[in-house]
Amino acid sequence: MKALILFGVFACAVSNIQAAEICSKSSPAHTVALLELYTSEGCDSCPPADKTISRLYQSTGLSSEQVIPVSLHVDYWDYLGWKDVFAKKTYTDRQRNLADLANSRTVYTPEIFIAGKEQRNWRNGMADDIRRINQKAATASLRLGIEKLADNKLYLNLQGNSKQDAKLHFALLEQGLISKIQAGENRGATLQHDFVAREWGEPFQLTAGKPADFTTQLSLPTNATNARRKQLSVLAFAQDKQGNILQALSLPLCEALQQ
């Protein structure tokens, strides 16, 4: 009996080690483009942009090794009669900060930034702009590891090395979210959202030329059942003080953490 118990403990330990080893990823040598969509369920011009982001990989033939989309729901349209449950002031503040860096006096939805720069002509396609970013050698390298899931939290290891001072951001994204809008400009519509930022961590400082290693955590959404965990991923990216995205990386929850 003792042998069986010891074997079970050993197997569990091996399983945990394997999960930690498998559930990690490093950024490539080229620059991966980060695509940020600022959107709101209270904005009647936003659903087409949401669909563009949802279909980005299928429509462009690109992959997460080339571009990582993230949909950030802002809260400044909530007064129109519909409160966006995915909206956070944090995302509004980030949009305003990017606008300030671009010397822009206004923010609006839908608004798209690629690699920290506003993309006004996104309706005409973004694949060529993304590929041009991919042609640049990365000026920062990242490694992202999901060490464990416990108490409805993901425990993360973030590593970064940048050629210039930068902030290392990280966030939790979720796919396949459905909302039935009952008021406001989109009243009566059923909207689907993908790559939605659900949690946004406090960024870490990267000092030029000094490799850094951080341990942190992100809380899972309250709806994160075992089935929903398959829709989750973690995003990490390095951004300099001018707003340029130096490198980006995403990692879905590995199968061992979806149980």
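How many bridges join S4 to strand S5 (residues 117-118), and in which sense do the two run? Two bridges join them, and the strands run antiparallel. Strands here, like helices, are DSSP runs numbered from the N terminus (E, at least two residues, for strands; H or I, at least four, for helices), and two strands count as paired if DSSP finds at least two bridges between them.

A word on the model comes next. This is a predicted model, in which local features need pLDDT of at least 70 and side-chain atom pairs count only at pLDDT 80 or more, while totals for chains, interfaces and linings use all residues. Residues are numbered from 1 along each chain as its sequence is written, and side-chain values use heavy atoms, with hydrogens and water left out.

The overall picture first. The protein has six helices and 15 strands. Of its 259 residues, 49% are buried; buried means under 20% relative accessible area, exposed means over 50%, and partly exposed is in between (1.4 Å probe, protein chains only). Contacts are heavy atoms within 4.5 Å, and among those between residues at least 6 apart in sequence, 72% join residues at least 24 apart.

Back to S4 and its neighbours. S4 and S5 make a hairpin with two residues between them, and Ala115 in the turn has a positive phi of about 55°. Across this pair, Ile114 stands opposite Lys117 in S5. S4 also pairs with S2, in the antiparallel sense over four bridges, and here Glu36 stands opposite Phe113 in S4. S4 is covered on both faces: Glu111 and Phe113 are buried on one side, Ile112 and Ile114 on the other.

The buried residues of H5 are Ala127, Ile130, Ile133 and Asn134. These cover an arc of only 120° around the axis, which puts them on the same side of H5; the arc is that of the directions from the helix axis to the C-beta atoms. The cover over these buried residues includes strand S2 (33-39), helix H3 (56-60), strand S3 (67-73) and strand S4 (111-114).

Helix H4 (residues 89-101) can be checked for length. At 1.5 Å a residue, its 13 residues should span 18 Å, and the end C-alpha atoms are 18 Å apart, which agrees; the expected span is 1.5 Å times one less than the number of residues. Buried in H4 are Tyr91, Thr92, Arg94, Gln95, Leu98 and Ala99. Their arc around the axis is only 160°, which puts them on the same side of H4. Lys89 and Asp100, on the other side of H4, are exposed.

Next, the open sheet. Four strands form it in the order S1-S6-S7-S13, with antiparallel pairing. Strand S1 (24-26) and S13 are the edge strands, each pairing on one side only. The twist averages 15° from one strand to the next, with axes taken as lines fitted to C-alpha atoms (for helices over the stretch in contact) and angles running from 0 to 180 degrees between N-to-C directions. Three bridges join S1 to S6, and Ser26 stands opposite Arg143 in S6. S6 and S7 pair over ten bridges, with Ile146 opposite Leu156 and Leu149 opposite Leu154. The S6-S7 hairpin has two residues between its strands. Asp151 in that loop has a positive phi of about 55° although it is not a glycine, and Asp151 is exposed, with a relative accessible area of 69%.

Finally, the nonpolar cores, each a set of buried Ala, Val, Leu, Ile, Met, Phe, Trp, Tyr and Cys residues joined through side-chain atoms within 4.5 Å. The largest has 28 residues, of which Ile146, Leu154, Leu158 and Val234 touch the most other members. Elements giving two or more residues to this core include strand S6 (140-150), strand S7 (153-162), strand S13 (212-219) and strand S14 (232-239). Apart from it lies another core, of 21 residues, among them Val70, Leu72, Ala99 and Ala171.
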